[in-house]
Structure formats: structure tokens, C-alpha cells
Amino acid sequence: MGRAFLSCILLLLMAVEVLGEPSSGAPFHKSHLADTCQGEEFNDDNSLLQVGAPPGYRSWPPVAPPPWWAPVAPPPEAPVAPPPGYCPFYSPLRQSINAEYPPNNTQYAEFPQGVLAGTLAWAVPTKDSSPSHSKWAGLDEVGRALSPTSLSFGFFNLSAPGSLRTPHWHSNSAEVSYIISGRGRISMTKLPHRDIAGAPVSLRRPTETFAVGPGDAFYAPVGYHHYFESIDPTENLFGLAIFDTDNLKTFDFPQVLRVMDREFLAHVLNIGNSVVDSWNFYNRTVIDPAYPDYSPSRTEGSLTVHPDFKIRGINRGLVPSPRQDLHGRVATHTISKSEGSTYSRIQNFALGYTEMAPGALLEPYWNDNADEVFMVIEGSELKVSRAGSSPGDNKTGTFMVGRYDLFLCETGLTCWINNNGKSKAKLLRIWNNPQPTLTNVYDAYYGLPVDVAGTMFYKQPAHSQFRR
């Protein structure tokens, strides 16, 4: 009897060693969205922690090996790839949830003197062919509905006065770049001047140059040669570049000149062969350090008075949203194709800027004719909700986003945002339609006849006695 009792105790101890904690061998799930988002990890509050897991896979808690003396136990449940799907949000800049600025470990320009001129971080659809770009599968959904325009994004961060995004042009996309912080100087080929009959006055098109600051943007049409530089002595020039393609193609001017015969290049530019021979044609990336004797003051008097491509003050002139007594203070400024001569040239974009007070709600709505991508300029603890990811889906997906995160609200999908943080939230909004429209759930409901609203849920009376 005593031996049998001791044997039972020993077996029980062995089982405890083998099994450990009940969840040690189980997959690490945080939420419905955590199961469907690819390549993301989450904190306990379901906020995004970091990016970089291989597409289609997640990180799982390690399973400790059993002690040598334990009997062989059934293997723990094997980790499985998440079901097919995509993440409606993405964080290309953050290596941790509290990151304050883009890390200096992305693409940069390193010259022989070892100067770090700045960084680029990308969020592009999976169709993009560049191996250096971070792919966000959510962007594959953009452009599948009424608006066929795809979107991709690049964060630029020029780290010192005079740092330069090298002269370049895009052969298959226009560009709109929004300035988040710092001051910059933009230079771009001017529009062709035309006479009263519409014919070009001259084949020569000089460059226009203008200054931008936080809340401004600039527009570069397809194929237009442009570059930009930081002129702020205290703050990095940091912003978001927006492109209307899923596979951006860029020609950098130094690389184009590099592949030309040097003697021929000297002839074309009408300069001496020795000058071209002195140029440094080594391989480099796309952000250049400041010229040794660079001074922002030498450029003060050379700015274009009425630039063609500057979009001023998207973060000003905000219009309060309705029903602020219900939802708190929310205000928005939207720039569409019909507003201003500069923006009337843009074919595939519209931009908006929204501010939300702490505790405020951006009330539920859907975009009628465009996909919408948000970028969090400022704010934390923003809770985004999406009522189903497809027609008939009976789940509401929610996730938390913070500063510099991107997230998506596709055409026809009902979305809303709660500012659960303690500070004002500032959001940049991008639509892939130059004249987007939206429908609020409130307006849709109260636009229904009383009997129709009642019969939807077999309930009478309907909304008439509750209308505000």
C-alpha cells in the first residue's frame, strides 16, 4: 500500500514537470485581429508592439524541454500560421510601442566621411518589387473597389540642415508629401508656360523653389524632377510621402548621370572633361549630406513668390463636426480637387486633417467612393473599430494605434475612432479619390422614413421620438 502511494506521488510530480503551466504549449492569441494580422506582435492591451515577423507567421512562447527522467509526453500543440487575411494597420517606424522618432536603421546615405544624412522607411503593397521596402498586405486592398488608384507611402527624416533628398523623379506616380515637423525647401521643375491659345511659350522650364513647414504639403506630378532639403537648425525635416501606385518606380538623377559615358556627359553639359572626371560616381543611396559650406541664409531671397506646387496649411481652417455635445470636440479640414488652383491639378488624391479632443469620438461612417488611410501625427491610445471586414461579417474588429501608425478604412466599410488618450489626437487622412464623399451612420439612420426604420428590426415606434 505504501509503495503504491509513493508511486502515485512520483508520477504526479513527473506530470507537473512535463506539463508546466497550462498555457505553455498553446498558441499565443491576443484577440480576433491578432489571429488574422500577419507579422505583428501585441502587448497585453492589444496595442502593437513591434513589426518584422515573416509574413504569414507569428511569434509564440517557447516551450521548455521536459527533464531527462520524465516519460515521453505527447507533443504540445504545434504553432500554426494565421488564417489568410491582412492587418488593417501597420507601424513601419516603430521598433517598440514607445518609439518617439524613426529609428536610424533604415535606408540611409553613407559617404566616405561617414555622414548620416537621414532615413527613409517604407509602407508599400506586396506587389512592390523593391527588396528594401517594407510590405504591408493591407495596402493590397486599396483600389479594388470604385477607386482603382493604389497607394504606397514613404516616411522621410532629414537629420541636419542641408540634408537633401537627392534630385529624382517618378515615372509611374505622382507624389504628395506632407510635412509633420521641421522646415524644408522644395525645388521642382515649373509648369510649362502657355499662351492664350494653350501653346507652350518656351521649351525651357526653370525650377521653382518654395519653403514648407508643419501642416504644409507639396505636389509633384508624374515625371516632374524635384528634390527637397532641410533648412531647420533645430528640428529634423520629417514627413510622409504618398504615391498613387502599388509598385513605385523612381529615377535618381545622380544614378542616371552615372551610367552615361563621361566624355559624352561633359559634352552635353558643356563643361570640361576634368570636371566630370572629378565627380564621385560611387554607389550611394538617396539622401545626401549637406554641402560643406551650406548655410540656410544664402537661400532666403531665392524663393518663388507664387509656387505652383505648394499646398498650404492643411492643419488650419478646421470645421467642427456635428453632434459635439454627444461625441466631444472633433474638427476636420479636407482638401479636395475643387479647392484651390494647386490642388485642382492632382488627379488621384484627396487629403484631410482631423483633430480629436481627449475622450472624443469620430462617429461611425463609411466612405462612399474611396479607400481611406489614416496616419497618426500625434496621439496615443486611439481605439479604431471596424464593423466587419466584408459584407455579412458579424464581428467588429478593434485595435489600438499611436503616433506615426498607419491604418486603413476601405470603401464601404463602417469605421469609427475613440480617442482614449489624455492628449489631443491629430490625424492625417488620405483618400485615393480626388473628390471623396462619406455617409455617417447617424445621417443614414435618420434619413430613413419612420416605418422603414421600424421594420428593419421589427420594432415600432422607430426613431422619430429620439431624434436630436
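This is a short tour of the structure, stop by stop, with something to select at each one.

**Before you start**

The model is predicted, so local features need pLDDT of at least 70 and side-chain atom pairs count only at pLDDT 80 or more, while totals for chains, interfaces and linings use all residues. Residues are numbered from 1 along each chain as its sequence is written, and side-chain values use heavy atoms, leaving out hydrogens and water.

**The whole chain**

Show the cartoon: the protein chain has eight helices and 26 strands, where helices (H or I, at least four residues) and strands (E, at least two) are DSSP runs numbered from the N terminus. Of its 468 residues, 46% are buried; buried means under 20% relative accessible area, exposed over 50%, and partly exposed in between (1.4 Å probe, protein chains only).

**The seven-stranded sheet**

Next, pick out β3-β23-β20-β25-β18-β17-β16, which in that order form an open, antiparallel sheet. At its edges sit β3 (89-90) and β16 (319-320), each pairing on one side only. Strands count as paired if DSSP finds at least two bridges between them; β20 and β23 have four, in the antiparallel sense. Select glutamate 372 and you'll find cysteine 409 of β23 opposite.

**Follow the cysteine**

Stay on cysteine 409: a disulfide joins it to cysteine 415, S to S 2.0 Å. The cut-off for a disulfide is a pair of cysteine sulfur atoms within 2.5 Å, and a search of the whole structure finds one. Look down the S-S bond and the link of cysteine 409 and cysteine 415 is right-handed, at 100°. Cysteine 409 counts as buried at 1% relative accessibility, and cysteine 415 does too at 4%.

**Salt bridges**

Now show charged side chains. There are 10 salt bridges in the structure, each a side-chain nitrogen of Lys or Arg within 4 Å of a carboxyl oxygen of Asp or Glu.

- Arginine 386 and glutamate 410 meet at 2.9 Å, N to O. Arginine 386 is in strand β21 and glutamate 410 in the loop between β23 and β24 (415-419), so the pair ties together parts 24 residues apart in sequence. Both residues are buried.
- Arginine 165 and aspartate 252 have their closest N and O atoms 3.0 Å apart. One is in strand β6 (residues 164-170) and the other in strand β13, so this pair ties together parts 87 residues apart in sequence.
- Aspartate 246 and lysine 127 come to 3.6 Å at their closest N and O atoms. Both are in loops, 119 residues apart. Lysine 127 is exposed, with a relative accessible area of 56%.
- Arg323, Glu363 and Asp443 are linked in a network.

Most residues other than glycine have a negative phi. Go to tyrosine 404, in the loop between β22 (396-401) and β23 (406-409): its phi is positive, about 75°. Tyrosine 404 is buried, at 2% relative accessibility. Then try glutamate 381, between β20 (372-378) and β21 (382-387), with a positive phi of about 55°. Glutamate 381 is partly exposed, at 46%.

**Last stop: the surface**

Switch to a surface view and select Phe264, Val268, Leu269, Ile271, Val275 and Trp279, which make a nonpolar patch of about 480 Å². Helix α4 (residues 262-269) gives the most to the patch, three residues. Leucine 269 is in that helix, and is partly exposed at 41% relative accessibility. Patches are made of residues with over 30% relative accessible area and no salt bridge, with like charges joined within 9 Å and nonpolar side chains (Val, Leu, Ile, Met, Phe, Trp, Tyr) within 5 Å. Accessible areas come from the Shrake-Rupley method with a 1.4 Å probe; for residues, only the protein chains shown count as cover.
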